[in-house]
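Visitor: I am new to reading protein models, and I would like to learn how to follow disulfides and pockets. Could you take me through them step by step?

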Amino acid sequence: MKTVLFIFAAAQVLYCSGERCGNSFPAGAALNATIRKLNDNLTNSNLLAVTNCTVLQAVDFGKGFLNVTLKIDVHETTCLADSGKDPSTCSLKTSPGAKTAICTSQVILDQINIDRISLECSYRILTTPMVPVTSESSMTSLTSAPMTSPTSASMKISASTIIWKWSIMMSFYKILKQI
């Protein structure tokens, strides 16, 4: 019985950890709701577009409700906020002063509706012009710290998330051993 509970807990903890966002349900719906809320609450005159997205956690609450936690990187585009355009179709702003952000979003949704969106962002401003990316190792220079390529950044997020979730799973296993 303990083994079955441990396997179930492991599946719940590791479900979707560190995976890239896609267009499929639930990650796609959570990402669309997040970027819509982010752009609706803008104090900036231009839209923000997603440049990287990782699913940190997806938990089924039962009765059709899901809690999806995303980590997204966003970048200011050349499209005006009131243009009505889809931010993913806009060009990224490359000049100094362009805003970027790293956001964590928690979305509770069911099969039909978005129930609640919680969004927390850390904004940065480009200090040098962005050079078009020609290799995976080149990225924009930001004021706070140099960044690595999107591929290695998402791998760091995935590895740290998996290690964190593994420690939770092992704690749960120790509790089960004592029962």
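Visitor: Which pattern do the disulfides of the protein follow, with bonded cysteines counted along the chain?

Guide: Please keep in mind that this is a predicted model. A disulfide is taken here as a pair of cysteine sulfur atoms within 2.5 Å, and by this rule the count comes to three disulfides. With the bonded cysteines counted along the chain, the pattern is 1-2, 3-4, 5-6.

Visitor: What does the disulfide of C21 and C53 tie together?

Guide: The sulfur atoms of C21 and C53 are 1.8 Å apart, and the torsion of -55 degrees about the S-S bond makes this link left-handed. C21 lies in the loop between β1 and α2, while C53 belongs to strand β2, so the pair ties together parts that are 32 residues apart in sequence.

Visitor: Are C21 and C53 buried or exposed?

Guide: Buried means under 20% relative accessible area. C21 is buried because its relative accessible area is 19%, and C53 is buried too, with a value of 7%.

Visitor: Is the disulfide of C103 and C121 left-handed or right-handed?

Guide: The torsion about the S-S bond of C103 and C121 is about 110 degrees, so this disulfide is right-handed. The pair ties together parts that are 18 residues apart in sequence, because C103 lies in strand β4 and C121 in strand β5. C103 is buried with a relative accessible area of 0%, whereas C121 is partly exposed at 24%.

Visitor: How much space lies in the largest pocket?

Guide: Rolling a probe the size of a water molecule over the atoms shows where empty space is left. In this model, about 430 Å³ of space lies in the largest pocket. Its lining is made of 23 residues, of which N32, I35, D86, P87 and S88 are the closest to the centre.

Visitor: Which element gives the largest share of the lining, and how is the lining divided by class?

Guide: The largest share, seven residues, comes from α2. By class, the lining has nine nonpolar, nine polar and five charged residues.

Terms used
Residues are numbered from 1 along each chain as its sequence is written. This is a predicted model: local features need pLDDT of at least 70, side-chain atom pairs count only at pLDDT 80 or more; totals for chains, interfaces and linings use all residues. Side-chain values use heavy atoms; hydrogens and water are left out. On a 1 Å grid over the protein atoms alone, a cavity is a set of points where a 1.4 Å probe fits but cannot get out, and a pocket is an open set with protein on both sides within 12 Å along at least five of seven lines; lining residues have an atom within 4 Å of a point. Grid points are joined across faces, edges and corners, and a volume is the space filled by probe spheres set on the points. Helices (H or I, at least four residues) and strands (E, at least two) are DSSP runs, numbered from the N terminus. Ala, Val, Leu, Ile, Met, Phe, Trp, Tyr, Cys and Pro count as nonpolar, Asp, Glu, Lys and Arg as charged, and the others, Gly among them, as polar. Buried means under 20% relative accessible area, exposed over 50%, partly exposed in between (1.4 Å probe, protein chains only).
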